[in-house]
Amino acid sequence: MNPKKTLRILGTRGIPAQHGGFETFAEHLALFLTKNGWAVTVYCQDEGEGTVCEDEWQGIRLIRFPIKNKGAFGTINFDWKTTLHAARFKDGILTLGYNTAIFGIIFRLRQLKNIINMDGLEWRREKWSLGAKLWLYLNERIGCWVGNHLVADHPEIEKHLATRVPSDKITMIPYGAPSVDNADPELLVPYGLHPQQYAIVIARPEPENSILEIVSAFSRQKRGKTLVVLGDFNKANPEYRSKVFAAAGEEVLFPGAVYDQQLVKALRFNACLYIHGHQVGGTNPSLVEALGAGMAILAHNNRYNRWVADSDNYFFSDTNECAQALDSLLENKAILQSLQQKNRQRHLTRFTWESILAQYEQLLLERL
C-alpha cells in the first residue's frame, strides 16, 4: 500500500460518533478515506480501567484506551497515551484540536507528519477558568509550531493563524453537513409539536451561546408558536439556569439533552426557524447542519456566523434585536420559505460532506 495512504486520527473520543462535532467529522472522514483505499486508525476513549484493545468498524481500525479519569484530566491522559502509541508507527497523523498540542513535540522528534485542525479560539471562551485559558493559549501557540500543517475551519480562524505562522502553512476547510430532505413528523407528537409551528435552539446552555437573550426575546409576547431549546441544563451553571428558566414564558419548551439523531433530525427539519446564539468559534456544526436541513436562520451577529449563514439570513446583537427579528420572521411565511430555499442552496455550494472530505483527502495526499 502507498505509505501516504495510511492515517491515524487523534483528538476525539472516538467513533462511531456519539459526542460532538469532531467525532462526527472523524467518522465521516474515516469512512470516506477507507472507501478510497486508505488504512485508517482512530483512537477511542473508553471509560473505566483495563487494557488497551483493538476493534474494527466498517473497515476502520479502532484502538480503545480505557481511561478512569473524567473531565479534562481524563482527556489529557487519553491524549498522552494515544500520542505515545501513534508515535511508534510511520503513519501520517491528523490531530483534531490543539488542546494538548504540546504532546505533538513527540511526533516532531520522531519525524512524523502531523496535520492539526486548530478548531476555534478556545482560549477566548468565557466558560474557562484563567488557568484553563492559559493552558489553551499556550497549546494554540505550540500547535502552530509543532504541526507540519494547520487546518482552519473558517476564514476568520485562518486570518488569526496567519498572525502566528506563514499563510502557506494553513489550509481553510470548513465543516460539512448532510442534506436533509425529509424527517418523520410523527417523532414530534410526544412533545406536542407540529411542523413549522415552532422555532428551535440547539446549544449548550452557556452565556456565550445567548440562550438567555433568545428565551427572553421570544417570551416578550405571545407568539402562537413554541420555542424549543435543546440542551443539557442539568450540567449548566445553576445561576445561569435559573435566569433562563425565570425568563421563559409558557411557549418555551425545554426537552433537555436529546441524543437520538433521528429525533434531532426531525426536530430540526420540521422547525420554521433555527436560532443560533453562538458568539465565538469558527464554522459551527449546528449552523451548518441547519443549512443542510434548509432552515431559515436567525443568528448572533458576528463575523463567524455571517460567513457561514451569509447575508440573506437575519442577525441579532442583543435581546431587543432578537425580539424585533422574531416579530418580523415568525409571522411572515413568505420570508421563511425564501430563506429556507436560499440556505439549502448555500449548503449545496459550500458545505456538503462530499466536497469537504475530498478537500481533506487532497490535503492529506499533499502534506503527509
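Modeller: In this predicted model, a residue counts as buried when its relative accessible area is under 20%.

Biologist: Why is H149 called buried?

Modeller: H149 has 1% relative accessibility, which is under the 20% limit, so H149 counts as buried. The residue is found in strand β7, residues 149-152.

Biologist: What makes the approach of the H149 side chain to the T171 side chain a polar contact?

Modeller: The distance is 2.7 Å, and the cut-off for such a pair of N or O atoms is 3.5 Å. The side chain of H149 also reaches the backbone oxygen of K169, at 3.2 Å. Among the residues that H149 touches are N114, I116, L363 and R367.

Biologist: How do you know that strands β6 and β7 pair?

Modeller: Pairing requires at least two bridges, and β6 (residues 114-117) and β7 have 3 bridges, in the parallel sense. In one of these strands, β7, L150 is the bridge partner of I116.

Biologist: What makes β3 and β8 edge strands?

Modeller: The open sheet has 8 strands in the order β3-β4-β2-β1-β5-β6-β7-β8, with mixed pairing. Strands β3 (53-57) and β8 (170-172) each pair on one side only.

Biologist: Why is helix α9 called roughly perpendicular to helix α12?

Modeller: The axes of α9 (residues 285-292) and α12 (residues 333-350) cross at roughly 115° and come within 7 Å. Angles of 65 to 115 degrees count as roughly perpendicular, and therefore α9 is described in that way relative to α12. In this contact, V288, L291 and G292 of α9 meet N343, R344 and H347 of α12; these residues divide into 2 nonpolar, 3 polar and 1 charged.

Terms used:
Residues numbered from 1 in each chain as written. Predicted model: local features only at pLDDT ≥ 70, side-chain atom pairs only at ≥ 80, totals over all residues. Heavy atoms only, no water. Helix = DSSP H or I, 4+ residues; strand = E, 2+ residues; numbered from the N terminus. Buried < 20%, exposed > 50% of the residue type's maximum accessible area, 1.4 Å probe, protein only. Polar contact = N/O pair within 3.5 Å; in protein donor to acceptor, adjacent residues only side chain to side chain. Contact = heavy atoms within 4.5 Å. Axes fitted to C-alpha atoms, helices over the stretch in contact; angles between N-to-C directions. Parallel < 35°, antiparallel > 145°, perpendicular 65-115°, else oblique. Nonpolar A, V, L, I, M, F, W, Y, C, P; charged D, E, K, R; others polar. Lists of a residue's contacts leave out its neighbours within four places in sequence.
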